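These are my notebook entries from one sitting with the model, kept in the order in which I looked things up.

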Amino acid sequence: MIKLEHVYKYFSQNRPAVSDVSLEVQPGETLVLLGTSGSGKTTTLRMINRLVEPSEGNILVNGKRIQDQSPEDLRRGIGYVLQENGLFPHYTVAENIAVVPNLLGWDKTRITERVDVLMEKLHLPPAEYRQKYPRQLSGGQQQRVGLARALAADPPVLLMDEPFGALDPVTRASVRKEFRTLDELAHKTVIIVTHDVQEAFELGTRIGLMDDGKLQQIGAPAELLFRPANDFVTAFFRDQRLSLELKTLTLADIKPYLPPTADTDHYQPHVLPGSTSCWDALEETMHTEGAISVDFRTEVFTMDSRSLMTAITVYKQTALAHGSATKLF
Amino acid sequence: MEAQQSFFDFVQQQSGKLLEQTLQHIGLTFISLLIAVLIGVPLGILITRRKRLAAPILGLAGIMQTIPSIALLGFMIPLLGIGPQPAIVALFLYALLPIIRNTYTGIKEVNATVVDAAIGMGMSRRQLLYRIQLPLAMPVLLAGIRTATVINVGVATLAAYIAAGGLGEFIFGGIALNNTHMILAGAIPAALLAIIFDGALALLQHIPFRRIRTVLYVLPVLLVVLSSFYLLPVAYGTKLVAGFTPEFMGRKDGDLGLRKVYGLQLRTVVISDMIMYKAAYEKKLDVISGSSTDGRVRAFDLVVLEDDKHIFPPYYAAPIVRNATLEQYPELAPALNKLVGTINDSIMTELNYRVDYLKEDPAKVAKDFLAAQHLLQPARNGNKGVIRIGSKIFGDGYILANMYKLLIDGYTDLRAETHTGLGGTKIAFDALVNKQIDLYPEYTGTGLLVILAADQATVDSLIGDKQKVYEHVSNAFMQRYGIRWLPPIGFNNTYALMMRRQQASALHIKRISDLKAQQ
């Protein structure tokens, strides 16, 4: 669990780099801090493991104030992943992963076992890669070692600073996908800093959008899209709005707004689950000449792309009109 | 005859001494290097953390580097006397800058993300330093140590000037004695040492990451082992300590003669002429090999021991001039000869005293003297030609060169310029032979023994008679080199052993033979 209470950071007298940021992230949750460079998102992240000392406010990790622990002890309990991976060039892959367990004084066999388990999970066969040096690995492999290093001591909290930023788009997509399915992360409190909007929507259970040192809005991805707190939030997503909306909304979300369907007997051969995103559903209509069937558990709907789009439009209007009373997620 | 001896013979003959000097040289280099590493590396680390100290510390170490090495050794003498301590301190100061600077740069250049990651993982400052910063800075740090080593091997040759030993004893002895074999016997091992250590450290520098942590432990051990070499050559013991110049050490009319004719086996250290008198005055040395007309004999209240077995040949000073110059300008010789008969030993000592001890300008001393002798004439500012006057780095030389300049300027239409401070006999004489200078004041004894390297029989037949020596060198120089000896000026600046007056009278030492009782 991570909690920030009215945190400020001043690097110079007049303008705070981070201003009055409060947020809370629960175990199992992934918060993405999104923003342009200079928005204060990285500073916010680095204050949590005391790489930057906050000027004002409280930060709690697992219920304990970070100032009440030594920085070293605090950091050994927090996984940290950096953009340029920051692997130690004179350490082998295995030694790099074992850094924190070593600092914590684990015994050798325990460390070896743990390193092997992580390497397997991150698709780095130990027999082949254990003795390699970072410069012998590809960018994607290096980043996976960086992730394994952060996870080695199984810390309850994970901080990631632009973790996929240095990778090419193809590698980035595949490492990101691997990351999402990693069971190690299931019960961890994760904060990721990124400037990549797609990445934020893909990885975040919640998104905190930052600008000018302030948290402009924090909430589920759908909340930021459909109920923006201010003009900045609206403007920030403008370019990618449609694709983000379609990817964020599931068929279950828009079910109440679907027009009553005449035909509940003729199903398409491939029935989609209710959790399918509208984006994927629309894509499906292209293969099925317009009609798709959706399994909403209680009933199965068959619809075409036009009724789908209508439902989305109504959903958006309702969301805007009803404000916070509308249940969006 | 020594001149025909091969280099190999020389090395074989002197192998014991060569080994001793080489070990001393390695020892000097690495003791100072070890201290420089022990102090420089922590300082380098400190200034990566206290950024405000970086500029002053690097600046100060940089200033040390710019002090000429011989001057730095000179500064050390009042503080630390002579012997190994001042040499080690001076070498240490030279080694400091590359080590501090490279430690600082090496650590600064460690990838910031790597350092960030290490701190983020929860490493303490000490863990960060030992596990990340030092290993990654190691190649740069080693490059600094490598530079310092090569500098130290070179500068350590100068240690011979202050009685700290090393290969400089051969090099400076050889230069002073015009003995190429001796110079090479010192210079070649010194160059080899520089190359070997440079190569060895280059290997360490390119060591793979895997073994970089081993270097961290091996290096200090290696430094300590090499440092201990200095202690291997043990001192040999008499109560009196003699300090002889490198030149005196290798001369038949020097240490060799003392051993052979007098049977003296004094505990001897090699030391520069420049600091020898002061070291005797300060009781660092008891017996020194001075020159009888040196001003410092008077300044430091030293007494010249009588050469009762006549090993020191006559050293009458006279200008030696290229004959071609004399023929081209017939008016030159009469002008130079005006000095003949005006300076005896005590006058020369007095003049030297004013220059060496009272620090008066040799030009002014020369002018005052000529004026007192009614020999000074205003310069004619002639432009008939230029006469280049050389001199060795002795008080005598400076003063005489300045007198000759005034005489030439005043009595001829020639213009004289002085090239003082030629390092030794070999350098001055080579300059004359190679027409870089036209004349310089030389001593008859030096001409006989050093330049002509006369064989023993010739020396024995001449040495007692100053006139015979003069005639021999006059003829031989004219025949061999086309260089003419003008008439001697009058004073005899011979080698002499000298002691502090007080100690000499306490031990009842008047003659060199008396020293034997003190062994």
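**Entry 1, a strand in chain A.** I began with A:Leu31 and found it standing opposite A:Ile191 in β8(A), whereas in β9(A) the bridge partner of A:Leu31 is A:Arg206. I take strands (E, at least two residues) and helices (H or I, at least four) as DSSP runs, numbered from the N terminus. The model is a predicted one, so I keep in mind that local features need pLDDT of at least 70, that side-chain atom pairs count only at pLDDT 80 or more, and that totals for chains, interfaces and linings use all residues. Residues are numbered from 1 along each chain as its sequence is written, while chains are lettered from A and ligands numbered from 1 in the order in which they are written.

The strand that pairs with β8(A), residues 189-194, is β3(A), and the two run in the parallel sense over 5 bridges. β3(A) is also joined by 4 bridges to β9(A), residues 206-211, again parallel; I count two strands as paired if DSSP finds at least two bridges between them.

Is β3(A) covered on one face or on both? I found A:Thr30, A:Val32 and A:Leu34 buried on one side, and A:Leu31 and A:Leu33 buried on the other. For burial I use C-beta atoms placed from the backbone: a residue is buried if 20 or more other C-beta atoms lie within 10 Å of its own, exposed if 12 or fewer, and partly exposed in between.

From the UniProt record, an unreviewed entry, I noted the annotation "domain: ABC transporter" over residues 2-237 of chain A; such positions are given in the numbering used here, feature names are shortened, and annotations may be inferred rather than shown by experiment. Over residues 2-237 of chain A I read 37% helix and 25% strand, with the end C-alpha atoms 27 Å apart.

**Entry 2, where the chains touch.** The contact takes 16 residues from chain A and 15 residues from chain B, two residues being in contact if their C-beta atoms, placed from the backbone, lie within 7 Å. On the chain B side, α6 (112-120) and α7 (125-155) each supply at least two residues, and α6(B) gives the most, with 6 residues. By class I noted 10 nonpolar, 4 polar and 1 charged residues on that side of chain B, where Ala, Val, Leu, Ile, Met, Phe, Trp, Tyr, Cys and Pro count as nonpolar, Asp, Glu, Lys and Arg as charged, and the others, Gly among them, as polar.

I found chain B divided into domain 1 (2-231), domain 2 (241-311 + 497-518) and domain 3 (317-493), with bounds that come from an automatic or database domain assignment. The C-alpha centres of domain 2 and domain 3 of chain B lie 26 Å apart, and their contact takes 13 residues from domain 2 and 17 residues from domain 3. Helix α14 of chain B, residues 295-299, gives the most to the domain 2 side, with 5 residues, and that side divides into 2 nonpolar, 5 polar and 6 charged residues.

α8(B) is followed by B:Asn178, whose phi is positive, near 60°.

Which loop holds B:Lys359? I placed B:Lys359 between α17 (345-357) and α18 (362-372) of chain B, with a positive phi near 60°. B:Lys359 counts as exposed because 7 other C-beta atoms lie within 10 Å.

B:Ile408 is found in helix α19 of chain B, residues 395-411, and is buried because 27 other C-beta atoms lie within 10 Å. Leaving aside neighbours within four places in sequence, I found B:Ile408 in contact with B:Leu332, B:Ala335, B:Ile387, B:Leu414 and B:Ala416.
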